[in-house]
Amino acid sequence: MKVKLYVLTASMLLAGCASTAPPSTPQKSYQLDRPVQPLEQSLPRNLNTGTNRTAEIVSAQRITEILQRAHLRPIAVDAQLSQHMLNGLIAGLDPQRIFFTDQDVSEFRSKNVHFAEEFASGGITRLIQNTRELLSIKQNRYEYAKSLLKQPSKVSLKAPSRDSSQSISQNYLIAYWKYKSQQDLAVIEDLPYKHPLTVLQQRYQYQIDKIANLSDFDVFEILAHHYVVAYDPASNYYPARFHTSLIGMGEEAYGVGLKVGSGAKITDVYLSSPAANAGIEAGDELLAIAQSDFDYQDIIGRDPLDILSLLNGALGTKVRLLFEEKTGEIKQVELTRKNIKQQAISVESLKFPDMTQRVAVLKISSFPVDVAQQVASELAGINANEIRGLIIDLRGNEGGSLREATKLAALFLPDAEVFQIRSQTNRVNVERTESTHSLSFEKDIIILTDAKTAGSAELFAAAMQEHGRAILVGHTSYGMGLVKMARKLKRIYDVKDFEFGTLQYSVGQLYRLNGDSFQFKGVKPDILIANQPTKPTPLANAVAWDKIPSRDISKVRDLSEKVQKLRRDFHNEISTAEINGDSLLKLSAEMLNK
């Protein structure tokens, strides 16, 4: 799971930034059948996570209390929220609809009409029991699939057909799992495993054991996640075992430089890491991992943290990866673990054929707390007389520290406004740069964005665009317009041997200098290349896009005529350029040399 935290700036803290709702949207009253216990309630010293529900009850109450007091937009805990929570839970446990019949789902819904209300007011025991019943159905599907492997069918089966209007019945799922188990085995037999049947048996057994070994508190944490996401899709609850993911930004580890999400998909590859040097890219999918000379271990369906434990190891040791590229090609590679530290930037000087001058390319992959200082050091080492301009590549950059967005903007925009933040009380603060941090860099700048450019990266790109300091090229950015804060639920007076989870929640809303919210809309480039992906429909209870008054700013340059000329001169190239790879870099370099 990939987690990004947004650091509150000093001015936000001074302004008491906590939660906010658009002026046009009246705040809903908070309603519960039973009162929420005070946030300060401590756990008794005889904490028991078995039949005693103290840990779960206190966690649920603390989550609800924080959301009520500090969230950007408090809403009612009511039947509507319960339905959203149920929808998310069912979809989370069975996203492909291959475990539960329609009857299973209907019965579960009928028993949990007030799911969110019960969760918030401490009625945890019944919710855990009901959820366990649903999990046992999922476990039984894997048990059935494993039993089919005792005598695999030699007759090639076809996938059972069902259109959207047909119900998911028991007979349909039986036919489906007969087909699926056969297909899973066929895929494994094409991979370099010595005993394919055993591999598949172990894959199914892993899922069986994973459900069987869930403690009641584990089940509670599943419910807590869906409760928080139903309240606000941009917020989340993370179990205690994810604390290192939340606070580990920039920490070192012995590994190969990969971040892995659900489904064993590679979500990020650290710059200059063993994985990057081997050509592994984000979007590729890991299939198996082998330690040194041992056999491959299947990882399909495993949790990201389990996969991470297999990737990491002693410094200098070998690990072999079996993975599928985005193209569908299966590859193997052997890597040596090294001391990995996330490298946020890289700088290179490029000169493509038929160009008169070189251009500098600054790739920024994330916004850790020192990215502005890294950029300043790298750019200080570039002889501006030897380059025509600078390309800042923010493609795939999912953001990070808000403060760093301001610091980075300061390198190019001294003493300038960058973005706006609105607090719970509707007070608007304007973030601005300091003149002491600027660089004497006067060359033209092009910034590359794509649909994954988010958060701090969007703020920086928007500020550079609005002040006329850079031309944006690429796709419209993601549109992550919220400030988030992470808070551990554990208190200093709780029992020391029990770890609570962490609540990440929205505390502020971000706006461009023109008053537009970043939320969902994102930042549209000056030069929009072809094949812009369609933005997803906002989920229920998501904080909506809105607008506040614009700021009166003086542009550094008026780039409107230059943008129009580039659109005309490079019309054909813009219509055929691809968002990924070097083709967009080449096009941008040609634009700078124009």
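Predicted model: local features only at pLDDT ≥ 70, side-chain atom pairs only at ≥ 80, totals over all residues.
Colleague: Is the crossing of α14 and α15 left-handed or right-handed?

Modeller: α14 passes α15 in a right-handed crossing.

Colleague: Which residues make the contact?

Modeller: From α14, L402, A405, L408 and A409 take part, and from α15, S456, L459 and F460. Sorted by class, the contact has six nonpolar residues, one polar and no charged ones.

Colleague: What makes the phi of A264 worth a remark?

Modeller: Phi of A264 is near 60°, which is a positive value in a residue other than glycine. A264 sits in the loop that runs between β3 (258–260) and β4 (266–269).

Colleague: Why does A264 count as buried?

Modeller: Buried means under 20% relative accessible area. A264 has 1% relative accessibility, and therefore counts as buried.

Colleague: Where is F520, and what is its phi?

Modeller: F520 belongs to the loop between β18 (502–511) and β19 (527–528). Phi of F520 is near 70°, again a positive value in a residue other than glycine.

Colleague: Why is F520 called partly exposed?

Modeller: Partly exposed covers the range between the buried limit of under 20% and the exposed limit of over 50%. The relative accessible area of F520 is 28%, so F520 is partly exposed.

Key. Residues numbered from 1 in each chain as written. Heavy atoms only, no water. Left-handed = near helix turned anticlockwise from the far one by under 90°. Helix = DSSP H or I, 4+ residues; strand = E, 2+ residues; numbered from the N terminus. Contact = heavy atoms within 4.5 Å. Nonpolar A, V, L, I, M, F, W, Y, C, P; charged D, E, K, R; others polar. Buried < 20%, exposed > 50% of the residue type's maximum accessible area, 1.4 Å probe, protein only.
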